[in-house]
Amino acid sequence: QVQLVESGGGLVQAGGSLRLSCAASGSIFSIGAMGWYRQAPGKQRELVARITSGGRLNYADSVKGRFTISRDNAKNTVYLQMNSLKPEDTAVYYCNADITTRTWNSNYWGQGTQVTVSS
């Protein structure tokens, strides 16, 4: 059984920072791309940032220059450093990863962590 567990969300004032973490656990053989998505109330889930196993990065235009995604392959963990937060960054943030076990390759989601930015 593979699980993604996020942590680090919370309430912060505009201009502040938060760091999200997402750890993958279970019978993992390898992990491909990992990413963060977010969903605000009444809106569709959208990509925030993504990092491939080779380190290629992809960011939403709205977070470029403010957010940084990174990963620690030894810990099966992906991070999202969020700086200069804005009220429009308020959303539930979800971790996503392509994970291969000994018998299966699939795409997994975490349970989500709430980020609230007050003005």
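# A walk through the strands

Asn76 lies in the loop between S7 and S8; strands are DSSP runs of E with at least two residues, numbered from the N terminus. The model is predicted, so local features need pLDDT of at least 70 and side-chain atom pairs pLDDT 80 or more, while totals for chains, interfaces and linings use all residues. Residues are numbered from 1 along each chain, and side-chain values use heavy atoms, without hydrogens or water.

The phi angle of Asn76 is near 50 degrees, which is a positive value in a residue other than glycine. Asn76 counts as partly exposed, because its relative accessibility is 25% (buried is under 20%, exposed over 50%, partly exposed in between, with a 1.4 Å probe and protein chains only). Ser84, in the loop between S8 and S9, also has a positive phi near 50 degrees and is not a glycine. With a relative accessibility of 42%, Ser84 is partly exposed.

Apart from neighbours within four places in sequence, Met82 is in contact (heavy atoms within 4.5 Å) with several residues, including Leu18, Leu20, Phe67, Tyr93 and Val115.

Strand S9 spans residues 91-100 and contains Asn96. What makes Asn96 count as buried? Its relative accessibility is 7%, and therefore Asn96 is classed as buried.

Cys22 is joined to Cys95, with an S to S distance of 2.1 Å. Because Cys22 is in strand S3 and Cys95 in strand S9, the pair ties together parts 73 residues apart in sequence. The torsion about the S-S bond of Cys22 and Cys95 is about -80 degrees, so this disulfide is left-handed. Cys22 is buried at a relative accessible area of 0%, and Cys95 is buried at 0% too.

Charged residues make a further set of links. Side chains of opposite charge can pair when their charged atoms come close. There are four salt bridges (a side-chain nitrogen of Lys or Arg within 4 Å of a carboxyl oxygen of Asp or Glu). In one of them Glu46 pairs with Arg38, their closest N and O atoms being 2.7 Å apart. Glu46 is partly exposed at 36% relative accessibility, whereas Arg38 is buried at 6%. Asp89 also forms a salt bridge with Arg38, at 3.0 Å between the closest N and O atoms. This pair links distant parts of the chain, since Asp89 is in the loop between S8 and S9 and Arg38 is in strand S4, 51 residues apart. Both Asp89 and Arg38 are buried. Through shared partners, salt bridges join Arg38, Glu46, Arg66 and Asp89 into one network. Another salt bridge is between Asp61 and Lys64, at 3.1 Å from N to O. Asp61 is exposed, with a relative accessibility of 64%.

Key: Helices (H or I, at least four residues) and strands (E, at least two) are DSSP runs, numbered from the N terminus. A disulfide is a pair of cysteine sulfur atoms within 2.5 Å.
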